Amino acid sequence: MAALPDAVDAELPLRAAELETLRTQYEKEGDMAGIQTKFNYAWGLIKSNARRDQHLGVQLLSDIFRVSPDRRRECLYYLALANYKLGNYGEARRYNDLLLEKEPANHQATDLRKLIDDKVTKEGLMGVAIISSVAIVAGVVGGILFRGRRR
C-alpha cells in the first residue's frame with residue numbers, strides 16, 4: 001500500500017508550469033485519459049489556491065472513486081483533504097472517517113482528523129463569539145431605545 005501524503009502537502013501549491021504540464025497531459029489524453037493521469041491532475045488541482053481548481057479536483061477524484069475500486073482508498077483521503085481546504089469540514093470528516101473505518105491505524109488520516117476537529121472547534125468558537133457580540137450590541141441598543149421611550 002502506498003503511503004499517503006501529509007495534510008500539509010495539500011497546502012503547498014504546484015508551480016504554475018507544473019500544473020500546466022498535468023493539465024496538458026490530461027487534455028491530450030482527452031476522453032481516454034488514464035486513471036493515473038486524471039489522479040495526478042486532480043491532486044495538482046487540489047493543491048492549487050484557486051477554489052475553481054479545487055472544485056474540479058474534487059469532481060475528478062469523485063469520478064475516479066466511482067470507476068476505479070482499487071483507487072478508492074486514496075480517493076477517500078484526497079477527497080477529505082480537498083474538502084478540508086475548501087472549508088467543507090462535514091464532508092472532509094465523512095470521507096476521512098470512511099478511510100479510518102478501513103484503516104484505523106492510518107497516521108495521515110488520524111492527523112487529518114485532528115486538523116478537521118481543530119478547525120471546526122476554532123470556527124465554532126468564533127461563531128459563538130460573533131453571536132455573543134451581536135446579542136450584546138442588540139441588548140445595548142435595545143436598552144438605549146427603551147430608556148429613550150421611558151423619558
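In which hand does H3 pass H4? I examined this in a predicted model and recorded that H3 crosses H4 in a left-handed manner.

**Entry: H3 and H4.** I looked up the geometry of helix H3 (residues 51-67) against helix H4 (residues 72-86): their axes come within 9 Å and cross at roughly 160°. Angles over 145 degrees count as roughly antiparallel, so H3 is roughly antiparallel to H4. I then listed the residues that meet. H3 contributes Arg-51, Gln-54, His-55, Val-58, Leu-61, Ser-62, Ile-64, Phe-65 and Arg-66. From H4 I noted, among them, Cys-75, Leu-76, Tyr-78, Leu-79 and Ala-82. By class, the residues of this contact are 10 nonpolar, three polar and four charged.

**Entry: H2 and H3.** I next turned to the pair H2 and H3, whose axes come within 7 Å and cross at roughly 150°. H2 is therefore roughly antiparallel to H3, and I recorded their crossing as left-handed. On the H2 side I found Ile-35, Lys-38, Phe-39, Tyr-41, Ala-42, Leu-45 and Ile-46; the H3 side includes Leu-56, Gly-57, Leu-60, Leu-61 and Ile-64. I classed the residues of this contact as 11 nonpolar, two polar and three charged.

**Entry: nonpolar core.** I found 31 residues in the largest nonpolar core, where Leu-61, Tyr-77, Leu-81 and Leu-112 have the most contacts. At least two residues each come from helix H2 (35-47), H3, H4, helix H5 (89-102) and helix H6 (107-150). H4 supplies the largest share, 10 residues. For Leu-81 I checked the partners, leaving out residues up to four places away in sequence, and noted Ala-7, Ala-10, Trp-43 and Leu-112.

Note on methods. Residues numbered from 1 in each chain as written. Predicted model: local features only at pLDDT ≥ 70, side-chain atom pairs only at ≥ 80, totals over all residues. Heavy atoms only, no water. Axes fitted to C-alpha atoms, helices over the stretch in contact; angles between N-to-C directions. Helix = DSSP H or I, 4+ residues; strand = E, 2+ residues; numbered from the N terminus. Parallel < 35°, antiparallel > 145°, perpendicular 65-115°, else oblique. Left-handed = near helix turned anticlockwise from the far one by under 90°. Contact = heavy atoms within 4.5 Å. Nonpolar A, V, L, I, M, F, W, Y, C, P; charged D, E, K, R; others polar. Core = buried A, V, L, I, M, F, W, Y, C linked by side-chain atoms within 4.5 Å. Buried < 20%, exposed > 50% of the residue type's maximum accessible area, 1.4 Å probe, protein only.
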